[in-house]
Amino acid sequence: MSWGSELWDQFDNLEKHTQWGIEFVEKYTKFVKERSEIETNYAKQIRNLSKKYQPKKNSREEEESKYTFCRAFLTTLNELNDYAGQHEVIAENLTSQIIIELSRYLQELKAERKSHFHDGRKAQQHIESSWKQLESCKRRFERDCKEADRAQQYFEKMDADINVTKADVEKARQQAQMRHQMAADSKSDYSAYLQKFNQEQNEHYYTVIPNIFQKLQDMEEKRIDRIGVCMKTFADVDRQVLPIVGKCLDGMTKAAESIEPKTDSKQVVESYKSGFEPPGDVEFEDYGQAMKRTASDTSLSNSRDVKEKPKEKSKGKLWPFMKNKNKGSGPEDFSHLPPEQRRKKLQGKIDELNKDIQKEMDQRDALTKMKDVYVKNPQMGDPASVDPRLSEIGQNIEKLQFEVQKFEGWLAEVEERMPSKSDTHRRSGLYETQNNTTVSTNCAQDRESPDGSYTEEQNSETQVKANINPIPPTSTTPEFDDEFDDEETLPTIGTCKALYPFEGHNEGTISVAEGELLYVIEEDKGDGWTRVRRNEDEEGYVPTSYVEVFLETNAKGAMTYI
């Protein structure tokens, strides 16, 4: 079906149809552009989401990376970030393969359509002008014929009238002949122009217009085909990223399948195991017999000596359930950590130092080889230029080896102190056979020191000596576990008077003013701390060396059962 033959008289409708086709291309281009913007915004939001939940750069990140579910979540976030990248690829391909191409094609399409319709209007104007000229020739021929008829009738009238002179008749005859000649000439012109017009009209409707309309038809078919190609590309752009999107999803699935609950449970043990042994049984105390108290800084016999200027700080052990909440990296030997955690930290530090030593040794070997090359080929370089660097590396290795020896010494010390499994049974038997005084002393064994470090147990003489010459604690006193806040109200076993002011910044402690009177609710267990109460809502720990204690007769110190 050809537009030229079938739609020869539908010039205006074809003009409207082709204009609508161009508007459709513009609409489709706008649609693809908005889809591209959606993909770009979606990718941006997905990237922001992935970035938002990425682990922060702190010590907690290192701790979280040990667990399989945290690593799986991190992998999911990374895969999600790659997934967002594929949506960016979709947006880029839509822009480059469809939007830009259609925008360029639209300009060409508009120019081509304008040119074809310009030619069509020009041909239409030409045939209309020819038709007007034909009509003019026809009217002139008609007018000349009428004039010739009138002249002939006037001549015949003059010729029949006897009163008219012969000259007038001759004049009328000549006028009639002239009019007939003009009519003949007009007829000849009209006939010639009519033949010419018919030829032009035939060429217009069978050649010129069909050619123009055929070009418009070809243009329209190309436009439709181009839209079809773009729609196929629209789908292919999505299909091209499906393999990579599938890999991203497979990565998320594989990460989820890599989660191992048993491994994470084991990691909790590795992360928080202290290495302490549970305390033994608490012995029955017979109040039918006189109590035998161990010498401590809370006993009445030593209360007077407490006022002396302290020279040495007591370093008894706290119970294992206290935790150090002080911020900071702690001592270099990690003595603020429980034995098991300290051992792991020391071992990790040793491994790190050994890696540094290996790096330095590799550099030394490389420089030694370079020096050998310089010795054999002096033109390549001066062998002496390498010596300063070799000397510096040697010093670095010595320093690192010294550090390794230092940490290995601390590690050996920790491993010696850590109890073996067989010690548990012997220690349990030890608790069962000791008397009241020994029980009171051993309750403080295998515990952390006030600053959270693990220290060797001290004999009662050292404790008495330390408590007689106490050093007022510094602000590095540890914070106590929150679980002590939930204990039942302990009975009052005595009173005490503050010898020094104590600010008590850390959790679990209480601030006191010099000379203030407080109630004692728990004796010093050998760890250097006494638990006191100001009123029903305020209670906490104060350094034993800061107070003078007055215990009530036959009063039993409150015990914390662990």
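Modeller: Buried here means under 20% relative accessible area, exposed over 50%, and partly exposed in between (1.4 Å probe, protein chains only). This is a predicted model: local features need pLDDT of at least 70 and side-chain atom pairs count only at pLDDT 80 or more, while totals for chains, interfaces and linings use all residues. Residues are numbered from 1 along each chain as its sequence is written, and side-chain values use heavy atoms, leaving out hydrogens and water.

Colleague: OK, what percentage of the protein chain is buried?

Modeller: Start with the fold: 11 helices and five strands, taken as DSSP runs (H or I, at least four residues; E, at least two) numbered from the N terminus. Of the 562 residues, the buried part is 37%.

Colleague: Which side chain of opposite charge is nearest to Glu360?

Modeller: Glu360 sits in helix α7 (residues 339–376) and is buried without a salt bridge, meaning a Lys or Arg side-chain nitrogen within 4 Å of an Asp or Glu carboxyl oxygen. With Lys and Arg counted as positive, Asp and Glu as negative, and His and the chain ends not counted, the nearest opposite charge is 4.8 Å away, on Arg389.

Colleague: Is Phe73 buried, partly exposed or exposed?

Modeller: Phe73 belongs to helix α4 (residues 68–160). Its relative accessibility is 42%, which means that Phe73 is partly exposed.
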